[in-house]
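These notes are meant for a colleague who is opening this model for the first time. Please keep the sequence and the structure in view while reading.

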Amino acid sequence: MTTGLLAVIDMQRVFAEPDSPWAAPRYAEAAAGVRRLLPAFAERVTFTRFVAPAEPTGAWRAYYARWSFALQPPEAPLWCLTDEFADRAPHLMDATTFGKWTPELAARVGPEGRLVLAGVSTDCCVLSTALAAADAGVETLVVSDACAGVDDASHTRALDVMELYGPLIRVVTVDQLIGN
């Protein structure tokens, strides 16, 4: 069941470091799930990074007015993948949007491909990516125990919402996907 492309969403310092305003409290648990998935997908892995735009436009101006600490260039330390993944990212894709379903990711998945999602946060970038991929007709699997949300309740609610999109989106566990 490990066919398809694994997209590891935003395993970055800004979501890992406990003192960050955007910390995902269960980041370490999600990272453990991602580490288990990586060997099963080998080179079929894309890591993504959420980065700030050089100049926010539209509603993003209000967003970055609220979160001004994040208006930093892509090479700023907060946007780096955490150390455990920095040298394990064979393909890295940046986006200034929550959703990572970009033409680049779509090309990597292919028109009849399968997208497997893990990472943070379940209730933001994972959710946004899953819905867009499903809308494009791509079979999308979200690995619940390789994801983490802003808090447990938000994580669970986001998974519940994504399950409503079945069979386009299926929520699975690491064990279900790769076995014990």
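Predicted model: local features only at pLDDT ≥ 70, side-chain atom pairs only at ≥ 80, totals over all residues.

1. Residues are numbered from 1 along each chain as its sequence is written, and side-chain values use heavy atoms, with hydrogens and water left out.

2. According to an unreviewed UniProt entry, residues 6-166 carry the feature "domain: Isochorismatase-like"; UniProt positions follow the numbering used here, feature names are shortened, and annotations may be inferred rather than shown by experiment. The span is 39% helix and 19% strand, and its end C-alpha atoms lie 19 Å apart. Helices (H or I, at least four residues) and strands (E, at least two) are DSSP runs, numbered from the N terminus.

3. How many disulfides does the structure hold? There are zero, where a disulfide is a pair of cysteine sulfur atoms within 2.5 Å. The closest cysteine sulfur to that of cysteine 125 belongs to cysteine 124 and is 4.1 Å away, which is too far for a bond. Cysteine 147 is likewise in no disulfide, its nearest cysteine sulfur being that of cysteine 125, at 11 Å. Cysteine 125 has 4% relative accessibility and counts as buried, and cysteine 147, at 6%, is buried too; buried means under 20% relative accessible area, exposed over 50%, and partly exposed in between (1.4 Å probe, protein chains only).

4. Helix H6 covers residues 122-135, and its buried residues include Cys125, Val126, Leu127 and Thr129. Which elements do the buried residues of H6 pack against? Their partners are strands E1 (5-9), E4 (114-120), E5 (139-148) and E6 (169-172), together with helices H5 (103-109) and H7 (152-163). Just after H6, glycine 137 takes a positive phi of about 85°.

5. Two cis peptide bonds deserve a look. One joins valine 120 and serine 121, with omega about -20°, and serine 121 is found in the loop between E4 and H6. Another runs from glycine 166 to proline 167, with omega near 5°, and proline 167 lies in the loop between H7 and E6.

6. Positive phi values also occur in residues other than glycine. Aspartate 10 has phi near 55°; this residue is found in the loop between E1 and helix H1 (13-16), and is buried with a relative accessible area of 0%. Alanine 42 has phi near 50° and is placed in the loop between helix H2 (27-41) and strand E2 (45-50).

7. Proline 74 sits in the loop between helix H3 (60-66) and helix H4 (83-86), and is partly exposed at 31% relative accessible area. Leaving aside neighbours within four places in sequence, proline 74 is in contact (heavy atoms within 4.5 Å) with Arg49, Val51 and Trp79. The C-alpha atoms of proline 74 and alanine 95, which are 21 residues apart along the chain, are separated by 9.8 Å.
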